[in-house]
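I opened my notebook on this structure with two topics. The ligand came up, and then helix packing.

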Amino acid sequence: MKLAVIGTGYVGLVSAVCFAELGHTVVGMDIDREKVKMLKSGKSPIYEPELEELLERNLRTGRLSFTADMREALPGCSVVFSAVATPPNADFTADLRAVFAVTEAVATIAEGNLVFVNKSTVPVGTGKKCEEIIAKILKQRGVSFQVPVVSNPEFLREGHAVHDTMQPDRIIVGMNGDDQSSKLEARSCLEEIYHPLTRTQKPIIWMKRESAEIVKYASNAFLATKISFINMMSELCEATGGSVRDVARGMGMDDRIGPRFLHAGIGYGGSCFPKDVKALIALGREVGVSLPIVEATHTVNQHQRERFFKKILATLPKGATVAVWGLSFKPRTDDMREAPSLDLIPMLRKAGHAVRVHDPVAMENAKKLVDVSVVFCDAPMEAAKTADAVIVLTEWDAFRGADLKELKTTMKGSLLFDGRNIYEPEEAKGAGLQYYGIGV
Ligand code: NAD
């Protein structure tokens, strides 16, 4: 089947490449011409394990191509996936301008029946608005093409995006519409696209479009709540002498709770959890439904980050040199959106501390976002040289495996702030380091 994927960011690019790998003919379209140029040459604009290899292979086979022109992307396509960004507005509602711009462009350019699939995370009711935009434009054009609007939210995790796309836990598809024929056509298109993935017993779960739109926000808010819950317990542990690691282990062994998303740290960041939690709160307010658990999740997350940063600032000696290990919001990605490093580094600089940083893949992106005085180092130990303190902000494997005795001899001082609880406090103390973890 021939497909177009509009927006070639973390979601769109991975989807386009994986659809091509599954045997479909895919055109990726993006308004960012530089990105398209890079993609055409087989270079991935983002770091994501396995992605570039699949990109090159599928470009070579001719199943995958890229364009910056929607008019080149649509001809011959039965299905158009929209995967454009939906960043937060100032009031935390989702900015849907790109989604609607794509909807309008598709309706204006379509040369026949098409299935329009929204992969972006959008508030409930967006599919209906897209449907109205399309109906209006088709009417103005005087054509009667069938363009059903389907919701197919994405659940991939950055850092595991190819794996998650090729081996999804489930595929959610939401569609409405009274016109049975276009609904059936949309359903059979989606079945055909995802057929190779559903053979492994992972089902497509069909539902109303409104339900599909809510599933995405509900899933992210629930996972974020688990993180905030254990972070809240970490503060209780610090106040009472408990260890949040033991508490999490004890809770996680209960099958009803499970161990995942139960690691205390400096809170969630990234392009999804913060924005989706806040957008859900905004949506609740808009429709007059109070969502107190979601609001508390956000409040606890902010508090957790602030209280760790306060502890760091209160402990550092005057005019310290600080090594920050990890810049991206989580390991295995170069994504800097809502990364804790972007909050902490300016605070450290403002307090008069010198900052040296290392990240295995996010340094190029970070250079555009932080103060020019920050020193970028090629290795973690290089960053630690002359440092009074090391602060771990991202749990990259390279940091987990660090030799703490070597770290102590490399540093000038001995302060170790472990924002991700990756070290054993006893081992750090044994290496001569003054250890500050979370909830321990
Ligand atoms: P992104 O910012 O990485 O990519 C968006 C792309 O869309 C960019 O390349 C941009 O140039 C392009 N674009 C913007 N306007 C366009 C237009 N009018 N026409 C064509 N292209 C346009 O965003 P992302 O992280 O891939 O997220 C996309 C959507 O998927 C968001 O709604 C996000 O919430 C959701 N999502 C993201 C993740 C994730 O881990 N990043 C996971 C699940 C869902």
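I began with Asp-30, where a side-chain N or O atom sits 2.6 Å from an oxygen atom of the ligand. I count a polar contact as a pair of N or O atoms within 3.5 Å. I noted that the model is predicted: local features need pLDDT of at least 70, side-chain atom pairs count only at pLDDT 80 or more, and totals for chains, interfaces and linings use all residues. Residues are numbered from 1 along each chain as its sequence is written, and side-chain values use heavy atoms, with hydrogens and water left out.

A backbone N or O atom of Tyr-10 is 3.0 Å from a ligand oxygen atom. For Thr-121, a backbone N or O atom is 2.9 Å from an oxygen atom of the ligand. I then checked cover: the ligand alone exposes 840 Å², and the protein buries 88% of that (Shrake-Rupley method, 1.4 Å probe).

Which residues come nearest to the ligand? I found Asp-30, Lys-35, Thr-86, Glu-158 and Lys-275, out of 27 residues around it. A residue is near if one of its heavy atoms lies within 4 Å. By class, I listed 12 nonpolar, 7 polar and 8 charged residues in the shell. Asp, Glu, Lys and Arg count as charged; Ala, Val, Leu, Ile, Met, Phe, Trp, Tyr, Cys and Pro count as nonpolar; the others, Gly among them, count as polar. Helix H1 (10-21) and helix H5 (97-109) each supply at least two shell residues. Helices are DSSP runs (H or I, at least four residues), numbered from the N terminus.

I turned to packing. H5 and helix H6 (residues 126-141) pack at about 30°, with axes 9 Å apart. So H5 is roughly parallel to H6, a label for angles under 35 degrees. Their crossing is right-handed.

Helix H9 (residues 209-240) and helix H12 (residues 292-315) pack at about 45°, with axes 9 Å apart. H9 is therefore oblique to H12. I logged this crossing of H9 and H12 as left-handed.

How values were computed. A polar contact is a pair of N or O atoms within 3.5 Å; within protein, one must be able to donate a hydrogen and the other to accept it, and residues adjacent in sequence count only if both atoms are side-chain atoms. Axes are lines fitted to C-alpha atoms, for helices over the stretch in contact, and angles run from 0 to 180 degrees between N-to-C directions. Angles under 35 degrees count as roughly parallel, over 145 as roughly antiparallel, 65 to 115 as roughly perpendicular and the rest as oblique. A crossing is left-handed if the near helix is turned anticlockwise from the far one by less than a right angle, and right-handed if clockwise.
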